[in-house]
Each structure stands twice: as structure tokens, then as C-alpha cells.
Amino acid sequence: MSIAMEPRTHRGAVGVEASAKPVVNDLVVTVATSNGTGSQSANLILMRAIFGMGIPVSGKNMFPSNIQGLPTWFTVRANAEGWTARRRDADVFVAMNVESVAEDVASLRPGAILVITKSLASYVNRDDLKVHVVPFDELVVPVCKDARLRKMVVNILYVGVLAHLLDIEMDEVKNAIAKQFAKKGSAAKLNTDAAVAGFEWAREHLPKQNQLVLRRTNSTAGQIIIEGNQASALGLMFGGITVLAWYPITPSSSLCEACIDYLEEYRRDPETGKATYAVIQAEDELASIAMVVGAGWAGARAATATAGPGISLMSEIAGLAYFAEIPAVIIDVQRMGPSTGLPTRTCQGDIWKAYNLSHGDCKHPMLLPGNMAECFEFAAESLNLAERLQTLVFVMTDLDLGMNSWMSQPFEPNLKPIDRGKVLSDEDLARVGEFARYKDIDGDGICYRTLPGSKHPNSAYFTRGTGHTEAATYSEKPGDWAGNLDRLTRKFDTARKLLPRPIIKLAKGAKLGIIAFGSSDPAVEEARVLLVAEEGISTDYCRLRALPIGSEVREFIASHAVVYVVEQNRDAQCASILRLECPEQATLIRSILHYNGLPIDARSIVEGITLGEKRSRPS
Amino acid sequence: MTSATIPSEISEAPRKVGQSNRLNLELKAYKGGESTLCSGCGHDAITSAIIKAFFEYGVEPSTVAKLSGIGCSAKTTAYFLSRSHGFNGVHGRMAAMAVGSKLANRKLVHIGVSGDGDTASIGLGNFLHMVRRNVPVLYLIENNGCYGLTKGQFSATADKGSIKKGGGIVNQMTPIDCCALAIEMGCGYVARSFSGDPKQVVALLKGALAHGGTAVVDIVSPCVTFNNHEGSTKSYPYAKAHEDPLHELGFVPFFEEIRVDYDPGTTTVVKLADGSLITLKKLAHDYDPTNRSQALDLLNQSSVAQQFLTGLIYFDQSTPALDEQLNLVPEPLATLPEARIRPPASALGAILERFR
């Protein structure tokens, strides 16, 4: 698998090669290395240095499911307009990996700048590239005395070389190194020396190009760079999680590990060491969701995080949580494909399955964060919604959101207050006297519950996944069963009103609508601008932030001649759900589908909509 | 002679109707719904023993969480302690659900009722991992060697050579010994008993309640409908004829101080986490339940010889319970107020600084 397998567009967000004037603050750098060589640090330093110059950036890591030795690519996109979606063609390519170099070189657009390590120079078989051969293996020797560290330190050399070629300020490179190795002073010095060595060598030996340049600006002031898994972990911690049960799986593991670190730091009494949370690394995902449901039943704010294979194992207990009405949260950091698929590639392929996870009639509210602030906010709010709705709530992120580097405004600290939902205390019970666990007192489908440990003699009830009456006694009566399912439907309709509203953006004169969600958002926003500029097509945009949909989405669909649903899966999973929700408009819904494992790019959306519109135009 | 606090006839003395326990509750406060199991089911005898043990030990029903998986055994949590919250969950997952529930509210006394299918087959992994975490749960296995609710298939605890009802089919496979596995996983309270020996069952259950960590009590409980025939080693007649108690068990709860003289040559006293005592009066076996390798040897030999040994097989309270390992606050996590589970906004600001 190589990112080189993707067709070239020969056209970026701006037509780079067509321009004689220097292109300022708009470029894509891709670095090809071998995983396990520490190149991730170098790439983050490169990205942070550009960010430090005030230029909007994003970082996408295309890594293998492997610990050491397989090809890995990291793409930094710098864009003055703030476009952060992946862009297909690299303007600058750093080739460090023998495994992928042949395909890498073949994949480059004409005119691209290629920085290539000397030992691979013989692979350059094209004359339409601007090639810079760098003797990285020789340069690293005087910088790094310890031969064992050289394969890692060599990576920081290319950061120095790129700093020269692209006008990245070395002070920002040094700042980024200091930040990256904040806890390891010796590593910081070694890497700084290496970056400077690369920079100095390039200054002496490489001609300065003036086609692509980076210049200091102030577009990133006050912003942070964070990964969605860290943001979600923070959301859980500030959302008041009390039990986290998890099983390691890419790409969700770093979410749980970040959460453990935050909890350890902020939710443990510094004097007594006592924790207001419990984390269990479970034996499998069956156990992690069982622990979450057991904890939710007993009154904890409990969550787990996993990916597609874990969701499959959680299926049976998802149904129990739905039917017995137990609060629970699953954060699904979606990855590619069925079975183990491509564990280190992104997609939105669990939407359909998660929405109806389990057997019989089940449907689960799901939150669809589309940026870092929402990864934070929705993780926190999912705990509230689970308790308010007394059901399993999904938070659907993906590998692109979860493990890539995204810019964001700092998160707002004003989260909604912690909501425990309809829990009857002993005092409440003493006042109201009667209690029937599954009786819909308020007409919203949400019943009252008591927590184990309540003292009132009427508080105890028996929870079961089997048929039950309003009073939680065993029942196989048809009326009890159907009545309960109908009430659960009412509860689902209540959820529509409690979930985050969509974000709708209207353009003047637009007849087309776009619906998208999650990590597709930056690509959609960029595509809308490109569609106007290149094709004269204006679009309205509805970004879903939750399922099931509410009235605004229905109205959005009904008010457009055609709606393109953009999603990152093969089977148009979200579009299918929308068709079921809006049967009258079902034929107006078209799909733009992206499912090659790489994060969606704007060009794919532009091409999809342009093609769709050409097809539907009368000839 | 040595002096210690040991029982005379405390746990064994039948309580009279209307008699109250230390909480001033009568036995009926510990009862549950009507059993829907087959008449004569061993599980119903165990249910009665649970009611008696909780009553005699004086557990406040509202402080109990009852959990179960799926199967005949799982139904029984509805038949006792109707004033306790109960959760009849998913097949094989009760152990993991109990982990979550206990962490949510460590003040609750947790009892999990499982069966041999629920524990030794579908839920084996969850069972073992619960045990190795040392979650304070009284984990009770109602072991009948078959799947009763799906009409009598062999379970993984069926002995080699057992004959299925209707004849012909002989179990060829090695049985899973849940007690041996529990000891391997570090369980500090492992017992085996027989539903037809209520006196021993009640004493073992009270001991389990007084233990601070996971307590596994594996009780052979004949299925009168599908596994009570000639050729079954889990039938009532077979168990009755073959039960071989390791010792005569007594239990002294911590709240009953009775000084009795005993002979250390014939009686061993085990002190439990809450100060209660178990007394083990020597019978035919010379057995020390605090010796791990002896316990495993015993189970191994009795399995080969198909002996049905009952009693307290292993005891050790050196391992801290899960909630202690995690150093949880003493209050239930479930009811901590917002101020204790949401750090201040300044904390968020400080964390986000790291991402600038």
C-alpha cells in the first residue's frame, strides 16, 4: 500500500505549477520514512515550526499496522486560507525509505520538489522533478556519536534541510524541538544540533528555490494543535467519567491512555492518593462493555472507547443496555474495513452498524464530532446524554480525527452542568411513594430509575434484558412487549430534541445541498469554495452532529433539488439512514463516497459533485 | 487447649419464625419472588441457603447488588432479597458486569449467581479475569453439569464418563474445575459444596460474605429434570452418596463474641477480613486450606479419582481487593457530586497550554 496508488490530480487547491510567482504559505510536504525510526517526532517538529510561524497547518500520519520497518508517510499541509483537509499531491516530497521510494518517485506531480537521501538517488528516473540529493547518512555521523541513535536522529536532519528550502524559521524549529523533547534535555540538544546541521548543509549546497515559500503571518495566534483522541479523553475527564473500561485496539488506544494520564493528574487527591475514578483494562471488548453497563446500572458515569472489531464484540450487550435502559457510552474511533481491515487507516464505516447495534429492534443515539472542540465537548456531553436518556450513546470519531494533528481554538471550559438524569433519591421516593421502573410518567419515553444502594423500601427493582412490565417484573405478554418497544421509540424521538443540532450554512442562490459529518468537514468546506471558483456551483451545507436527525435536517433535505451526502464508506451508510428518515425525498439524496483508507480530500468532493451534476443535466 | 472466638451452634441453630437478626429484620425481609424452577431443583435449596446466610449474617438488603448471567441459575436472583437491586444480564458476562458495578459503588455487597455453562463455558474468560482482579464479589456457581434451560446438553463441568439423559452419549472430555482455576487465578476464598448440605452451604456463604475479596463458591446443584439419572455424577443420589466433607465447618460472625475452648489438634480457625471466624473441625482428611499447593494437589487428585470433596478448599487474604488496588475514594463513585468529578476550568486551561 502506498499513498502513491492514488490518482494524481495535477491540481492542488491553487494551481501551483501554473504560477510563475512564488506561492506563499500554501504547500504540502510529504515525508516517506520507515516506521519505528522516530520520524513521527521529526514530522511533528516540522509541523509545529510552521504553526509557530503563524501559518495554519494540519498533519496527517499514514502509518502501517506495524511497530518497525514498514513504510510510513506523514503529510504536513500549510495553507494561509486555513484549509486543513488532506490534499492529494505533495509539492515537496522527502524520500527516506527504500521500500516505497520507487512508487513514491513515480507518484509525484511534475514540478514537485524531491528531497532524497543519497543512497536512494538512483531511483530518480524522471527529469520533471526538482531533485535535491542529500547525504543524510554522512551528515548524521558527526552530529550523533551514538551509532544506535543515528537512524532516529537522521530524520531531524531533513527538517533542517526543509527549513532552508522553504524558509522555515530555524528559531521556530528549535522551539518545536524544545517542546517535543520537553522532558528530555539531552534529546532536545541532539535534535537541535542535527536540525542545524541539516540547515547549514543545505544552505551551502542546495540552491534556494523561490517557487514555494513560507512567510510568518499571524493566523494561528491563540490556537492549539491537538489530536482528537486527546480531546475526547479530556472531554471524558471533564465530563465526570467515573468508570472507564477498555481493551487496546488501534486507533482508540491512545484515547484511553490519554484519559488515564489526565485522570491520574486531576482526579486523584494529591494528599491521600484517593481516586474519584476507576479504570480497568479489560480482557476483551465483551468485558469492557459489560463493565461499563454494570457500572452504569449501579450509577457510574461509565464509558469505553474502541474501534470496529470491538463494536462487533459489544453487540449483545449493546442490546441489553438499550432494552434494560442502562446509561453507557462507547466512543468508536472508526478505522478501515471489516475484520482487521486496515487498522491504521481511517473511514466512517461503522455508522450503520453502530446505529442499530445488537439484535431485535435496537437503535442508539450517536454523536458525530467534526473537529477537536466537538471531540472534547461531545465526549463530555455523551455522559450526560447517556444518563438523561438512560441508554447506550455512541460517539463516532475516526482515525483521522483521533490520531492526526488538528488545529483548534482552545476548548471552551463552560461545559453543560453534569446531568444525572431521572434518578429518584430516597427523599424523592418518600415524597412520591410509588415507583415503577419502566413507567413513562412524563410522556417523553424516559422513565425514572433508582440506584442500587437506595434505602427506600420501594426503590429496589429487578433489571433484565428479558420482557418486562412497567414495574420491571418478568412478562411475556404481547401487550407488555409491544408497549415497551413503542415507549422506547418515544424515547428515541425525545433524543432527537436533546442531541446537538446540525450546523447549516447557506449560500446565496444555492440549489444543491451537501450533508456531511465528522472528519469530512474541512474537505467539504474547501470543496464548496472550489466548486464556486471552478464550476460556478454554489452549495448549501448541513453538517450533521448527531443521529437520529431532527426537524432541521428534514427541512434541509426537503428544501433542495438535490442533496449530496458525503461520507467515508462504500455503502452510503449515512445516506441510507437519511433515506429511511425522509422517504419522500429519498430519490433526491445522492452520495459522494470515499473509502480508500486515506482521509477525504476536497478534490474528491469537487469531482464527485461536478460529475453528478453533469450526469443529471439534460443533454 | 487454646482459647479463641469460635462458634458453638450459632450458624447452625435453626431460627424460629418471627425471630429477628441484628438489624431487627425477620427472615421474610430476605425472601424474593416465587421460584419458577422445576420442583426439587437444587438451585432452590441454594436460594434458601442464601436467604438464611444473608439473614443470619445480618446484611442490610438495600446494600446488596445481585447479579447474574443467563440460565436457570441466573433466574434465582429474583427469588431472594427482593429489597435489593438485581440485574439479570447477559450470558457469561455477569463477572465483568459485577466488576463495573462494584467499582461504581464499592459499598454494595455484591453477590453474583452463575451456572456451570455461564461460568465454565461462555463466561470462562470473564470469570477468570474477575478472579485475578480480586473483585469483592460472592461468586456462586450453581453447578449441575448440564444446560438445564436448553434441555440438558453437557456443560464443561460434566465429569468424564458421565452419561447424558436418555443414555448412549458419554462425556469424553475433561471437566473444567472452577475451584482449581480460581485458585490458579489467585482467589483467596474458594469453596465447594452440595445443595443437599445446607448447613455447610450456609456456613460457606457467610464466610464468603465476610471475606474481603472474590469468593468463589462452587455448589453442586442437581438438575432434577435433565441430570438426575443413573450415570450422572451430578445427580442428587450420586452427590448424596459421594459427598466427602474435608472438615466440619462452623462460622462465627464478628458481632457474636462467644469464647469457646477448642483443641488446636483437631480444629483450625480462619480469621476473615471483617473479624468473623471460620472453624474447620478435622474429619477424615488432614487438610490445611491455607496451603495453595496442597489445595491444588487435592483438587487434582480428587478430579482424577472423581471424589466429591466439599468444604473450604483454599483461603488467603493477602491480596488487596480491586477497589483497594485502585485506591478509590471511600464513597461510592456513583454518587460523587459534580465538584469532585469535574476539575475546575483552570485545569482545562493549564492542560491546553501544553498544546499551544
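Among contacts in chain B between residues at least 6 apart in sequence, 74% join residues at least 24 apart, where two residues are in contact if their C-beta atoms, placed from the backbone, lie within 7 Å. This is a predicted model, in which local features need pLDDT of at least 70 and side-chain atom pairs count only at pLDDT 80 or more, while totals for chains, interfaces and linings use all residues. Residues are numbered from 1 along each chain as its sequence is written, and chains are lettered from A and ligands numbered from 1 in the order in which they are written.

The secondary structure of chain B comes to 12 helices and 15 strands, which are DSSP runs numbered from the N terminus (helices H or I, at least four residues; strands E, at least two). The radius of gyration of chain B, taken over C-alpha atoms, is 21 Å, close to the 21 Å that the globule rule (2.2 Å times the number of residues to the power 0.38) gives for 356 residues, so chain B is as compact as a globular protein of that length. Its C-alpha trace spans about 75 × 55 × 45 Å along the principal axes.

We turn next to the meeting of the two chains. Here 50 residues of chain B are in contact with 54 residues of chain A, and on the chain B side α3(B) gives the most, with eight residues. Strand β18 (residues 462–464) of chain A runs parallel to β3(B) and is joined to it by three bridges, with F462(A) standing opposite G86(B); two strands pair if DSSP finds at least two bridges between them.

Within chain A, five strands form an open sheet of mixed pairing, in the order β19-β21-β20-β23-β24. Because β19 (503–505) and β24 (589–593) of chain A stand at the edges with a single partner strand each, one side of each is left without a neighbour in the sheet. Inside this order, β20 (residues 512–517) and β23 (residues 562–567) of chain A pair in the parallel sense over four bridges, and I515(A) stands opposite V565(A) in β23(A). Helix α18 (residues 551–558) of chain A packs on the sheet, and its direction makes about 155° with that of β21(A), where axes are lines fitted to C-alpha atoms, for helices over the stretch in contact, and angles run from 0 to 180 degrees between N-to-C directions.

Finally, how confident is the predictor? The mean pLDDT of chain A, the predictor's confidence in each residue from 0 to 100, is 94, but over residues 10–18 of chain A the pLDDT is below 50. Where pLDDT is low, the predicted coordinates should not be read in detail.
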